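Take a look at how two protein chains meet. This report goes through their interface step by step.

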Amino acid sequence: MKITVSGEAATVQDGITVAKLIAERDVENPQYVTVTINDDFIHSDDFETKTLSEGDQVEFLYFMGGGR
Amino acid sequence: MSDSKTVSLTAQQFDEMVAHAKACLPEEACGLLGGREEGDTKIVTHIYNVENIDHTNEHFSMAPKDQLAAVKQMRAAGEVPLGNWHSHPETPSRPSNEDKRLAYDSKASYLILSLMDADQPVLHSFHIEGDQAEKEMLIVE
């Protein structure tokens, strides 16, 4: 099926999970990545079970923070 | 560290950054930088202010909803993400240990604006990789 990842078209297997997509995309430091699907924020506890659908738009956002 | 770049921004962008940082005092302020790369130079074309959801003078965490909005705006404008910035209200313009520990993207430039002397803000850009930070050339004109 076709989805959009970080603004770019991608073809992935039907029903792929968020966790599997993160692994396939070789996302660095996945423990610090926030995922949105169609602008909805996905809780990291749901990465293993949340599946994607045709046409979904996925974004990976890195945690950005620091301190003095 | 060979990935160090030159970062270029306008005086107006610098002023915008300072104004936002001062408006956020006593809290740290933060934001994202969008623009383009020409050779080894990152040319900032837009500064995106992002909410610091920590709301303290000692830490910052960027609001994911603001990050998402900024990423989409960058994409719509044909920009690429160049890095981020945050303020140090009471400390110098240098990466703290926490800044280095939480710098996950070695391709990003990390700009730190010190307001220790609010009348003389100091801005430096850093390339951070692991626990190593290297000052990048920064052009403000």
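## Strand pairing

In this predicted model, strand β6 of chain A, residues 65-67, pairs with β4(B). The two strands run in the antiparallel sense. Three bridges join them. Within this pairing, A:Gly67 stands opposite B:His59 in β4(B).

## Extent of the interface

The size of an interface is often given as the accessible area lost when the parts come together. Here, chain B and chain A bury about 2,000 Å² between them. Of that area, 55% lies on carbon and sulfur atoms. Three residues stand out on chain B: B:Leu68, B:Arg75 and B:Tyr104. They supply 34% of the area that chain B buries against chain A, more than any other three residues.

Contacts can be counted too. On chain B, 26 residues are in contact with 17 residues of chain A.

How many salt bridges cross the interface of chain B and chain A? The rule finds two. In a salt bridge, the side chain of B:Arg75 meets that of A:Glu59, with N to O at 2.5 Å.

## The chain B side

Which elements of chain B each supply at least two residues of the side that touches chain A? They are β4 (59-61), α2 (64-76), β5 (80-88) and α3 (97-101). The helix α2(B) gives the most, with seven residues.

By residue type, the side of chain B that touches chain A divides into eight nonpolar, eight polar and 10 charged residues.

How values were computed: Residues are numbered from 1 along each chain as its sequence is written. Chains are lettered from A and ligands numbered from 1 in the order in which they are written. This is a predicted model: local features need pLDDT of at least 70, side-chain atom pairs count only at pLDDT 80 or more; totals for chains, interfaces and linings use all residues. Side-chain values use heavy atoms; hydrogens and water are left out. Contact means heavy atoms within 4.5 Å. Buried area is the accessible area (1.4 Å probe) that two parts lose on being put together, summed over both. A salt bridge is a side-chain nitrogen of Lys or Arg within 4 Å of a carboxyl oxygen of Asp or Glu. Helices (H or I, at least four residues) and strands (E, at least two) are DSSP runs, numbered from the N terminus. Ala, Val, Leu, Ile, Met, Phe, Trp, Tyr, Cys and Pro count as nonpolar, Asp, Glu, Lys and Arg as charged, and the others, Gly among them, as polar. Two strands pair if DSSP finds at least two bridges between them.
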